[in-house]
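Hi,

Here is the structure I promised to pass on.

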Amino acid sequence: MNVGDRVRLLTGTEEGIVTRLLDNELVEVAIDNDFTIPVLRREVVVVAADEGKNFNRAAPTYGPGQQPGRNANASKKDRSHIPKPTAANAAKATPTLAEALAAVASSGPAAAKAPGGKVPSVGAAPAAKGLFLALVNQSPELLGVTLINNTEADVLYTYGEETPARPYRALAAGQLGPKASTKPLAFLHLKDFETWPAAVMQLLPHRHNGDAAYELINKRQGFKASTFYSSRRPAPVIGADAYLFQLDEKAAAAIAPEKLAQEAPATPAPEALKAPAGIDAAALRAQLTGDAPAKPAAVVAAAAPKPAAPVVAPPHEFDLHFEALRPDNTEELSNTAILRIQLDAFEDALVRALATNMHEIVFIHGMGNGTLRKEIHRQLSRNKDIKFFEDSRKEKFGYGATLVRLK
């Protein structure tokens, strides 16, 4: 089961699309376009494409700008109001794909209408060149996250999300051809705008049989209300209005062949290929050519290895507050960066405690929003060298410290 799959609830007749994979057992499903609910995976079933053949019912595939829900997933109840085809309406011309996409885009909350109620054409504006992140209305409240490649090159991409509770979560990867767009990689609901994750993307352009390599584009796109709603405009390739963000404001620079050659590992010298380590190659060559008396080749004394630094046991009470870890820090760091520093310090202290045969250690993580405490407990629960862990001395730390007993 993947994001974007059309599913039916086993306990009823409702249908929707999977908008998010919450965990191994739970998914979020959008019913009737906008109404999202968490559902156990075992309580939904993916609607097969063969259903249309067996029950004379369409099973469309979704693309950017297409509208799932009642109109696309029409159940028997939803189709009751649709008139039966007659000779009169059968003669009407079927709307083109561009007209259908324009009609769907006009249903969004930010769609502008001309005087008289007519929807302006979205194909009038010239398409910009570049790589874009597009949030396309699947319904008035539900947005599909799509990558658009409006260039002449192929693009390898990865897509993930970043939240305060989880520094990074990979969601999709693939290759995007020229003048193409992906299917929705994720779904976002406008009612949850304040808690939207940041989108993290890596993009690598390349051309088949091209004469240059390109640098990797790394992009983190957050969303703020002050700029988000003003970003709606016609999107290239898909032919629909979308909340559009350009990912390559600075185009990927070509890497010169000389730079690639400099970064490649140097070719070992012929002597290094022929002589084993620790042998004087010059003396050995002299003996083989008869220019030196026959005697064993001098063995080059190997450099004495540096003694390994002793492992220092961490303090019994290890403070993970950022101020304690970096008291002289002057730069402003994001919450995600601070959390990464704290987790690195926790992992290092735990490894040193195990290496020095400590019986127990107390990690002081504080109360806060509980993110650091949850991540520490998650890692401890998976470590086979941990006997048990519990909240430490509530009268002293409250719930701001964890006692860890080591095996």
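Below is what turned up, starting with the ground rules.

This is a predicted model, so local features need pLDDT of at least 70 and side-chain atom pairs pLDDT 80 or more, while totals for chains, interfaces and linings use all residues. Residues count from 1 along each chain as its sequence is written, and side-chain values use heavy atoms, with hydrogens and water left out.

On to salt bridges (a side-chain nitrogen of Lys or Arg within 4 Å of a carboxyl oxygen of Asp or Glu): the structure holds 12. One of them pairs Lys179 with Glu152, with the closest N and O atoms 3.9 Å apart. Lys179 sits in the loop between E9 and E10 and Glu152 in the loop between E7 and E8, so the pair ties together parts 27 residues apart in sequence. (Helices, H or I, of at least four residues and strands, E, of at least two are DSSP runs numbered from the N terminus.)

Asp348 and Arg352 also meet in a salt bridge, at 3.0 Å from N to O. They are four residues apart in helix H9, which means about one helical turn separates them.

Another joins Arg373 and Asp391 at 3.2 Å between the closest N and O atoms. Arg373 is in helix H10 and Asp391 in strand E20, 18 residues apart.

There is also a network of salt bridges linking Arg6, Arg8 and Glu15.

Cheers
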